[in-house]
Amino acid sequence: VCSSDLGVPLIATRSAGPGALIEDGSDGLLVPIDDRAALTAAIRRLLGDADLRQRLAAGGQRRCEAEFTEAAVVASYKALFERMLAERRRGT
């Protein structure tokens, strides 16, 4: 289940995990680690901008469905295995 199923935008720290999974400004907001001022500013930014909240929540939902649902992950693995088999058949 995607957190964006709740219709809320995501704010996370710019650590390795979230930094690799969230595109800042597109499907969530990233703030520096241990930066309370930046986190406060991001929260205030979202509280004051309904359009941004909606856009980020929708972007998160789209990305989650495209990349992180069970169906998306299975399809990605299937495509990988098919490419590997095709390469093996070609002898590469």
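One aromatic pair was counted in the predicted model, where rings of Phe, Tyr and Trp (its six-membered ring) pair if their centres lie within 6.5 Å. Y77 and F81 form this pair, and it is stacked, with 6.0 Å from centre to centre and 25 degrees between the planes. Planes under 30 degrees apart count as stacked, those over 60 as edge-to-face and the rest as tilted. This is a predicted model, in which local features need pLDDT of at least 70 and side-chain atom pairs count only at pLDDT 80 or more, while totals for chains, interfaces and linings use all residues. Residues are numbered from 1 along each chain as its sequence is written, and side-chain values use heavy atoms, with hydrogens and water left out.

Y77 and F81 are separated by about one helical turn, because they stand four residues apart in helix α4. An α-helix has 3.6 residues a turn, so residues three or four places apart point the same way. Y77 is partly exposed, at a relative accessible area of 46%. F81 is also partly exposed, at 47%. Here buried means under 20% relative accessible area, exposed over 50% and partly exposed in between (1.4 Å probe, protein chains only).

Helix α4 covers residues 70-90, 21 residues in all. Helices (H or I, at least four residues) and strands (E, at least two) are DSSP runs, numbered from the N terminus. Just after α4, G91 takes a positive phi of about 80 degrees.

The largest nonpolar core has seven residues: L29, V31, A38, A42, L46, L52 and L56. Such a core is a set of buried Ala, Val, Leu, Ile, Met, Phe, Trp, Tyr and Cys residues joined through side-chain atoms within 4.5 Å. At least two residues of this core come from each of β2 (29-31), α2 (36-47) and α3 (50-67). The most come from α2, which gives three. Beyond its neighbours within four places in sequence, L56 is in contact (heavy atoms within 4.5 Å) with residues including P9, D27, L29 and L46.

R63 lies in helix α3. It is buried, at 19% relative accessibility. Leaving aside neighbours within four places in sequence, the contacts of R63 are A20, L21, I22, E23, D27 and F68.

D34 lies in the loop between β2 and α2. It is exposed, at 77% relative accessibility. D34 has a positive phi of about 60 degrees, although it is not a glycine. Most residues other than glycine have a negative phi.

Technical notes. Expected span 1.5 Å × (residues − 1).
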